[in-house]
Amino acid sequence: KNTLIISPSSKKLDPVSIGPKHPVFTIAEIGLNHNGDLDLVKKLIDSASNAGCSSVKFQNFETDEVYIQGEKAGKYNLLGKEINIYDLHKQLEIEYEFLSELKIYAEDKGLYFFSAPMGKNSLDTLLKLECDLVKISSYEISNIPWVNTVARTKKPIIMSCGGATISEVDRALTEIYKFHDDVALMHCIIKYPADIKDANLKVMNTLRAAFNLPTGFSNNGFSNKGNIDFQEIPFTAAALGMDLYEIHITLDREMDGVDQGFSTEPDELKDMISTINKTREKYINAENFSLNDDYLGSGIKKTFECEEYVRAFAYKSIFTTKSIRKGEKLDESNIKCLRPGEFRAGLEPFYFSTINEHFYAKNDIDEFEPVTWTNITTNS
């Protein structure tokens with residue numbers, strides 16, 4: 001269905017319709033930019049509110065549900081720095097109490113509050129908080145067991161599609177449709193920041209035509225002649241008819257923090273949301289726009305070259321979580337879907353249930369090793 005209706009659990013919020021002929025649903029992605037500091041986050045929520053955003057979004061996770069452990073996950077290259085990815089996530093885990101206070105604070109300002117959870121306990125936290133919708137991040141779109149888990153909650157889902165092929169988007173939606181069809185999709189480029197000419201915004205049209213769902217754009221930052229763009233991409237995406245829009249926000253790009261350097265500052269955010277809202281009105285009124293072909297791209301939905309590094313690093317595959325002896329059964333007690341980081345990847349999560357039911361170790365396998373067809377067998 002081409003309109004997603006969000007019915008709030010809080011009396012402070014009004015129901016929202018996301019889709020054609022409705023205002024753009026705008027998401028201020030606080031993500032990892034909270035730095036674990038409650039006062040900082042409240043200032044970020046203030047920035048989102050002052051700019052006129054519809055919602056604020058976080059990422060809540062248990063690191064052991066995200067990356068293989070420690071040294072094996074290795075370092076992630078971002079904005080010229082090498083980051084110990086497992087340690088970084090350990091530092092940025094956030095608890096129920098932290099999120100609970102922020103949800104109240106956001107809703108008092110009329111903002112929807114939600115998150116992209118990773119791990120069952122993280123999802124349970126959002127259910128306990130009575131969040132009105134859930135995000136499935138780009139990195140989880142091929143993780144069919146996780147898509148199934150989120151869909152089972154019957155909560156409305158916004159799903160980003162960065163790095164995915166169109167068949168992977170279709171497969172994830174097929175899983176969600178077993179439980180409900182309250183879904184919106186977001187085109188996304190998984191490079192932080194990407195070159196502005198890699199935006200390929202016509203992919204939104206492709207997704208909308210293929211799946212007839214509300215479709216928008218999740219903006220991970222674009223570099224335009226050395227500056228982070230806050231005008232060209234949001235305008236062009238709105239002129240193409242996006243129904244929802246997500247942007248990383250910061251108080252200052254020079255701040256400490258992993259994602260600050262490609263995020264949008266408060267004055268820029270205000271300008272951006274104003275541009276989106278004005279352009280949306282014109283779009284609904286069928287006004288014509290002059291658009292830059294460089295930002296429109298091919299419209300082909302695939303893994304783009306600029307996304308290959310992050311896809312290999314962060315799309316999940318199947319790993320052991322403890323040492324397994326030859327002949328031992330593989331099951332949920334000793335295998336998990338995790339991001340490989342710099343390490344080798346294993347089989348994709350699609351095969352998890354089959355391996356969980358039918359496979360044994362062909363030889364001894366160390367902990368946090370990728371599970372492949374060469375080291376497992378159906379013979380015990």
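Visitor: How many disulfides does the count come to?

Guide: The count comes to zero disulfides, a disulfide being a pair of cysteine sulfur atoms within 2.5 Å. This is a predicted model, in which local features need pLDDT of at least 70 and side-chain atom pairs count only at pLDDT 80 or more, while totals for chains, interfaces and linings use all residues. Residues are numbered from 1 along each chain as its sequence is written, and side-chain values use heavy atoms, with hydrogens and water left out.

Visitor: Changing topic, how many aromatic pairs does the structure hold?

Guide: There are 12 aromatic pairs. Rings of Phe, Tyr and Trp (its six-membered ring) pair if their centres lie within 6.5 Å; planes under 30 degrees apart count as stacked, over 60 as edge-to-face and the rest as tilted. One of the pairs is Tyr67 with Phe313, edge-to-face at 6.0 Å centre to centre and 70 degrees between the planes.

Visitor: Are Tyr67 and Phe313 buried or exposed?

Guide: Both Tyr67 and Phe313 are buried. Phe313 also pairs with Tyr76, with centres 5.0 Å apart and planes at 55 degrees, so that pair is tilted.

Visitor: Which residues form the aromatic cluster?

Guide: The cluster is formed by Tyr67, Tyr76, Tyr309 and Phe313.

Key. Buried means under 20% relative accessible area, exposed over 50%, partly exposed in between (1.4 Å probe, protein chains only).
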